[in-house]
Amino acid sequence: MDVSISTVSKALKNSEEIGRDTKEKVQAFAKLYNYKPNNIAISLKNKRTKNIGVIIPDIVHHFFTTVFRGIEKYANEQGYNVIVCVSDESFDKEVINMELLANGSIDGFIMSLSAETQQKNDFNHLKEVTEQGVPLVLFDRVTDEVACDKVVIDDFEISYKATKNLIKNGRKRIALVTTENYFNVSKKRAEGYTKALMDNGIAANEALVLKLPYNGESDTIIDAFFDAHDIDAVLCVNEIFAITCMRAVQKKGLRIPEDISFIGFTNGILSRYATPTLTTVEQHGEIMGEVAAKMLIERVEDDIDEEEENFKTEVIKATLIKRDSTS
């Protein structure tokens, strides 16, 4: 075929700049000769590795696995590989993971902050990476302390909507089961819960807010909480908390949703197969992952000027999925 190297490259990437006929011929030729791009050679030429580093806090929560799935799907479609590390909610592991990957082996990071990082409020390792010109996209657990692109859901709005839904169903003694406020997502969800109560003439009661440890045994704490309070509905900031609390009230002989309703976050397997099935907030993790990957790859490939005013925060609209745990 009498075409330039540039045309071949664009045709193999399915670029809209190349005509359909030329693309089909180039792609057929490549398939015939089993041609595959040499990523090492490409990275040397472009000073890119075509690798993305992803750091997630844990692999237990269904939400993080869906975000990773979205990242990998989009990145692979763009010819990028994804290297995933798990911080296990540890500040030290998060730092080590970043140091391990930020040695020229990746083009940029996508990550959600560990619990300890948010607790310590120490983001120097992130600032050092971005100051070296390595693109960074934070998702879900983010901080305003670091200038970078971010992807979040409308935590305040969806928490407000979920609480209002419980009130609409006649619930008045609504508890919140959450984590410590240093989790930015938990803080916003608590604010949405409180505002919904106030807007509907229900006084916010701190005694009905249960803060559970993110990494410890909580059954005894939960049992004591439900023994001490007369509650007719519960909003939980994740599905693991919700399922654990549902089990606790069922052991007490309460019926769900007749006596007490439950709403959780993360529309995972636990929610769909719980007894009864759990009404949840669908956080659209896969969409969040795709958006994060798109933002990062645009930074890498377009050499976008890394000035603070150019950074964007994309907000994904969450959805309330109604099931049998609410009336």
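In this predicted model, V209 of β7 is the bridge partner of L176. This contact belongs to the pairing of β7 with strand β6 (residues 174-178), which is parallel and comprises three bridges.

**The sheet**

The two strands are part of an open, six-stranded sheet of mixed pairing, ordered β7-β6-β8-β9-β10-β12. Its edges are formed by β7 (209-211) and β12 (319-321), each of which pairs on one side only. On average, neighbouring strands of the sheet are turned by 20° against each other, direction ignored. In general, strands of a sheet pair through backbone hydrogen bonds, in either a parallel or an antiparallel sense.

| Residues of α10 | Accessibility |
|---|---|
| I222, F225, F226 | buried, under 20% relative accessible area |
| T220, D227, A228 | exposed, over 50% relative accessible area |

Which part of α10 do its buried residues line? Viewed down the helix axis, the buried residues of α10 fall within an arc of 90° and therefore line one face of the helix. An α-helix has 3.6 residues a turn, so residues three or four places apart point the same way. The exposed residues T220, D227 and A228 lie on the other side of α10.

The cover over the buried residues of α10 includes the strands β6, β7, β8 and β9, together with helix α11 (239-251).

Key
Residues numbered from 1 in each chain as written. Predicted model: local features only at pLDDT ≥ 70, side-chain atom pairs only at ≥ 80, totals over all residues. Heavy atoms only, no water. Pairing = 2+ DSSP bridges. Helix = DSSP H or I, 4+ residues; strand = E, 2+ residues; numbered from the N terminus. Axes fitted to C-alpha atoms, helices over the stretch in contact; angles between N-to-C directions. Buried < 20%, exposed > 50% of the residue type's maximum accessible area, 1.4 Å probe, protein only. Arc of directions from axis to C-beta. Contact = heavy atoms within 4.5 Å.
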